[in-house]
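The structure is shown first.

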Amino acid sequence: VVVPHQILHFEGANYFIEPYLKGQFMKHNDIFGNIYTGFMLADAYSHFSYHFSHGKYMVLDVQGVDTYWTDPALVSPGRAAGGITDTGADGIRGFFKKHTCRDLCRAL
């Protein structure tokens, strides 16, 4: 579950506001493809995002409390997602080097 947010427009700028996530905050993976917790659902989500987009994008930097995730990063092979968090093909390759597909990946 990606945490819903609100947009606050204040003095000509937009601010994204998310609710406070109570509990232990965990970073499951990062924009370089490093996997920290081995939480199968988070890993499968990143893997699924790549296949669902036909290899155009991957959601990395999955983090949050339990299954409430916040502040993800979109990574693309040609850095088409843009932004400083798009590590391109290096991030995607890094993830697949460390990721082990399990039943959950295959089910998605």
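Q6 stands opposite I17 of strand β2. In this predicted model, local features need pLDDT of at least 70 and side-chain atom pairs count only at pLDDT 80 or more, while totals for chains, interfaces and linings use all residues. Residues are numbered from 1 along each chain as its sequence is written, and side-chain values use heavy atoms, with hydrogens and water left out.

Strand β2 covers residues 13-17 and runs antiparallel to β1, to which five bridges join it. Strands here are DSSP runs of E with at least two residues, helices are runs of H or I with at least four residues, and both are numbered from the N terminus. Two strands count as paired if DSSP finds at least two bridges between them. The two strands form a hairpin with two residues between them, and E11 in the turn has a positive phi of about 50°. Of the five residues of β1 (residues 6-10), the number buried is zero, so this strand lies largely in the open. Buried means under 20% relative accessible area, exposed means over 50%, and partly exposed lies in between (1.4 Å probe, protein chains only).

## The three-stranded sheet

A further set of three strands forms an open sheet in the order β3-β5-β6, with antiparallel pairing. Strands β3 and β6 (68-69) stand at the edges with a single partner strand each, so one side of each is left without a neighbour in the sheet. Three bridges join β3 to β5 (residues 63-65), and M26 stands opposite G64 in β5. Strands of a sheet pair through backbone hydrogen bonds, either parallel or antiparallel.

K27 is placed in strand β3 and is partly exposed, at 33% relative accessibility. The side chain of K27 makes a polar contact with that of D61 at 2.4 Å. A polar contact is a pair of N or O atoms within 3.5 Å; within protein, one must be able to donate a hydrogen and the other to accept it, and residues adjacent in sequence count only if both atoms are side-chain atoms. Not counting residues up to four places away in sequence, K27 touches Y36, T37, D61, V62 and Q63, where contact means heavy atoms within 4.5 Å. K27 and L60 are 33 residues apart along the chain, and their C-alpha atoms are separated by 10 Å.

H28 is found in the loop between β3 (25-27) and α1 (40-52). Is this residue H28 buried or exposed? H28 is buried, with a relative accessible area of 4%. Its side chain makes a polar contact with the side chain of T37 at 2.6 Å. Leaving aside neighbours within four places in sequence, the residues in contact with H28 include Y36, F39, V62, D66 and W69.

The largest nonpolar core has five residues in all: M58, L60, V75, I92 and F95. Such a core is a set of buried Ala, Val, Leu, Ile, Met, Phe, Trp, Tyr and Cys residues joined through side-chain atoms within 4.5 Å. Strand β4 (58-60) and helix α2 (88-98) each supply at least two residues of this core. Beyond its neighbours within four places in sequence, L60 is in contact with residues including I31, P72, V75, G91 and F95.

In α2, the residues G88, G91, I92, G94 and F95 are buried. They cover an arc of only 160° around the axis, which puts them on the same side of α2; the arc is that of the directions from the helix axis to the C-beta atoms. These buried residues pack against α1, β4 and β7 (73-75).

## Aromatic pairs

Four aromatic pairs are found in a search of the whole structure. The rings of F95 and F96 have centres 5.4 Å apart and planes at 75°, so this pair is edge-to-face. Rings of Phe, Tyr and Trp (its six-membered ring) pair if their centres lie within 6.5 Å; planes under 30 degrees apart count as stacked, over 60 as edge-to-face and the rest as tilted. F95 is buried at 0% relative accessible area, whereas F96 is partly exposed at 30%. Ring pairs link Y50, F95 and F96 into a cluster.

## L108 after α3

L108 lies in the segment after α3 (103-107) and counts as exposed, at 52% relative accessibility. Leaving aside neighbours within four places in sequence, L108 is in contact with A44 and F48.
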